Amino acid sequence: MAEKFDVIVVGAGPAGNAAAYALAKAGLSVLQLERGETPGTKNVQGAILYAHALEKIVPDFREHAPLERHIVEQRMWLMDEGRAVTGMTYRDEGFSTPPHNRYTIIRARFDRWFSEQVKEAGAMVICETTVTGLLKDKNGRVTGVQTERSGGDIHADAVILADGVNSLVGQRAGLRPEIKAEHAALAVKEMLFLPKETVEARFGIGHGQGVVIEIAGRITHGMLGTGFLYTNKDSLAIGIGCMLSDMRREKLTPYQLLEGLKRHPAVKPLIEGAEMKEYSAHLIPEGGYKALPQLFGDGWMIVGDSAGFVNAVHREGSNLAMASGRLAAETLIELRAAGRPFSAANLGRYQGKLDESFVMKDLKKYATVPDFLHGHPHVLNTYPTLLNHAAREMLTVDGSDKRTKQGRIFAELKEKRSLLGLLGDAYRFWRAFK
Amino acid sequence: MNAPVELPAINVEEKLFQNRYRVDAGRPHIRVIDPAVCGRCDPKPCVVCCPAGCWRIEEDGAIDLVVDGCLECGTCRIVCEPKNVDWNYPRGGFGILFKFG
């Protein structure tokens, strides 16, 4: 391919699609390369779509995007290993009033749709092509990409790396380091199919409405991680993820953990009789602000999961991906309009735009959370268990007086965690999340 | 009353059977760099962590890697402390093809 493009975007996930769409809409010549058979065939997410990030890119997306259900109810479950659950529910009919704020989506379908918008906007999208490296000139400026195809070098004024959590392209070009086991969560997921009416009856929801369940506690067997159960139109997405550093230590396979969640008595009746049609796995970059790599350089920028833009506390990633893709595109569009080159100094604007957006503000807010949770794993283990035991004690009416029961609860609390430990946890928890 | 819950043994191949793959026969995208390093490795975290069960320990203790069911997550590359895994994306269009993702 002798042609030279204004921009090459590597990858067709939410970050790459957001960038390619915005660039093509603004009239820049864009080539987007995707290694999957079609966009979405290599991508995995729960998946929740946050409308605001997509609205800023495709304002009328609700009219044609493949959306599953709009979320009206969020449950937060604290589970033990296989017996009890406690938690809280927030349900709000206001969430049913359009425009809806969050939807469940099925990524293979959603990504294909998003990619159609990118093509309509004028970008050239080539699938089944793996980018193997970056081209650089003698000054180290990125000038294009290498692909596995013969004569596969393609040149551009800028390259946007949206190649996902593993970002082999970025790593091999020396633009970012390898992700550490302490900063990566491995999530496994199954797609379980049930008739639409069954989904709605089991979750107590009406037509088009959806429920999100986020799960923490001993269900991860002491590892730092969470589970989830999301309602789609005629399927449920169930999954569980834990930090790789913990999984390596605990010697439990990811599919055993998922089976434990599926067999938990709070989950089992919800998924009973469903047909499993796909089993997937994916890494989530959860290192947060402190693990972010350099985000731009001479002729390149990095966006989405490849940059590590995930807010693990709020289970957000694809919205940060789309926002960062859009901001990278806007940076290039403004520079081109001003007739300025895509040099490292000029691309620093991208960092500035990120700093001013929710992407960096949220990542900075929770910058110490990963360290806190690694240092205090009992926060996600001991406390949910204690809470479940306290609920059991108080809800079992057996002739013991309530003060005695209260005494038992405090005795267990003190046995598991000293008073000083408790106060320390509370203080450090507040410091990390404030 | 609160005995630890034993997690069941799971045949992950039954799960993988539901997935769609286009296997690049004869061109595995993941390779062990030096089998001797795997032989000395203890506790072989790739075997436990791989969500597709691609890494197994043979009777003689050697590592057996079959990438046909790989979900392309990257876990084995990251958990391998001696960095003995040569991990690449499959050629374009090959490997796992998620129907839902």
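How many helices and strands does the secondary structure of chain A come to? In this predicted model, the count for chain A is 16 helices and 17 strands.

**View 1. Chain A as a whole.** Along its principal axes, the C-alpha trace of chain A spans about 85 × 50 × 40 Å. A compact globule of 434 residues would have a radius of gyration near 22 Å, and the 23 Å of chain A agrees with that. Of the 434 residues in chain A, 49% are buried. Look also at the contacts in chain A with a separation of 6 or more: 73% of them join residues 24 or more positions apart.

**View 2. Helices H1 and H3 of chain A, packed together.** Here H1(A), residues 14-25, meets H3(A), residues 107-120, at an angle of about 20°, and the two axes lie 8 Å apart. Angles under 35 degrees count as roughly parallel, and H1(A) and H3(A) are therefore roughly parallel to each other. The crossing of H1(A) past H3(A) is left-handed. On the H1(A) side, Asn17(A), Ala20(A), Tyr21(A) and Ala24(A) make the contact, and they meet Phe114(A), Ser115(A), Gln117(A) and Val118(A) of H3(A). By class, this contact has five nonpolar and three polar residues, with no charged ones.

**View 3. Where chain B touches chain A.** Chain A gives 45 residues to this contact and chain B gives 31. On the chain B side, helices H1 (12-16), H3 (45-49) and H4 (75-79) each supply at least two residues. That side of chain B has 20 nonpolar, seven polar and four charged residues.

How values were computed:
Residues are numbered from 1 along each chain as its sequence is written. Chains are lettered from A and ligands numbered from 1 in the order in which they are written. This is a predicted model: local features need pLDDT of at least 70, side-chain atom pairs count only at pLDDT 80 or more; totals for chains, interfaces and linings use all residues. Axes are lines fitted to C-alpha atoms, for helices over the stretch in contact, and angles run from 0 to 180 degrees between N-to-C directions. Helices (H or I, at least four residues) and strands (E, at least two) are DSSP runs, numbered from the N terminus. Angles under 35 degrees count as roughly parallel, over 145 as roughly antiparallel, 65 to 115 as roughly perpendicular and the rest as oblique. A crossing is left-handed if the near helix is turned anticlockwise from the far one by less than a right angle, and right-handed if clockwise. Two residues are in contact if their C-beta atoms, placed from the backbone, lie within 7 Å. Ala, Val, Leu, Ile, Met, Phe, Trp, Tyr, Cys and Pro count as nonpolar, Asp, Glu, Lys and Arg as charged, and the others, Gly among them, as polar. The radius of gyration is taken over C-alpha atoms; the globule rule is 2.2 Å times the number of residues to the power 0.38. A residue is buried if 20 or more other C-beta atoms lie within 10 Å of its own, exposed if 12 or fewer, and partly exposed in between; C-beta atoms are placed from the backbone.
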